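Opening my notebook on this one.

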Amino acid sequence: MATIEECRAALEKLSDSMQSAEGNVRTATALDRSVSCRITDLDVTFVGRMTGGRIVVQHTLQGPPAEKAQIRLTMTGDDLVALVDGELNFAKAWGSGRVKLEAGLGDLFQLRKLL
């Protein structure tokens with residue numbers, strides 16, 4: 001099972017990848033939205049903001065967040081690490097329910113360029 005530190009490192013790696021993206025992917029990373037990433041097996045939620053082409057984690061909370069972020073991801077720590085490392089296909093994981101992505105319709109259209 002992935003640790004909190006490994007999950008935080010995976011989010012940092014994802015943020016670095018977003019920062020260096022180009023073209024349509026770069027356009028999708030330009031969103032300015034609140035984000036949360038709930039790690040179910042650790043019962044923690046990383047809360048922050050997608051801004052300037054990066055994900056900035058501001059807080060790590062025990063359990064679910066009190067407020068819903070505009071973009072919400074839910075998965076296990078192992079799945080987060082595997083997604084960021086390219087070992088797990090997002091579309092397949094999302095389609096099978098291993099990964100949940102919740103956002104407004106407009107944001108989902110933008111985010112699909114990342115996926």
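Predicted model: local features only at pLDDT ≥ 70, side-chain atom pairs only at ≥ 80, totals over all residues.

Which residue in β3 does V44 stand opposite? I looked it up, and V44 faces Q62.

β2 covers residues 44-51 and β3 covers residues 54-62, and they pair in the antiparallel sense over eight bridges. I followed the pairing along and found that V47 has H59 in β3 as its bridge partner. Then I went to the turn: the hairpin of β2 and β3 has two residues between the strands, and G52 takes a positive phi near 60 degrees there. Reminder from class: strands of a sheet pair through backbone hydrogen bonds, either parallel or antiparallel.

Now the whole sheet. I traced five strands in an open sheet, ordered β3-β2-β1-β4-β5, with mixed pairing. Why is one side of β3 and of β5 left without a neighbour in the sheet? Because β3 and β5 (100-103) stand at the edges, each with a single partner strand. I also noted the twist, which averages 20 degrees from one strand to the next.

Last, the helices. Helix α1 (residues 4-19) packs on the sheet and touches β1 (33-39), β2 and β3. The direction of α1 makes about 160 degrees with that of β3. Helix α3 (residues 77-84) packs on the sheet too, touching β1 and β4 (71-75). For α3, I wrote down about 110 degrees between its direction and that of β4.

Key: Residues numbered from 1 in each chain as written. Heavy atoms only, no water. Pairing = 2+ DSSP bridges. Helix = DSSP H or I, 4+ residues; strand = E, 2+ residues; numbered from the N terminus. Axes fitted to C-alpha atoms, helices over the stretch in contact; angles between N-to-C directions. Contact = heavy atoms within 4.5 Å.
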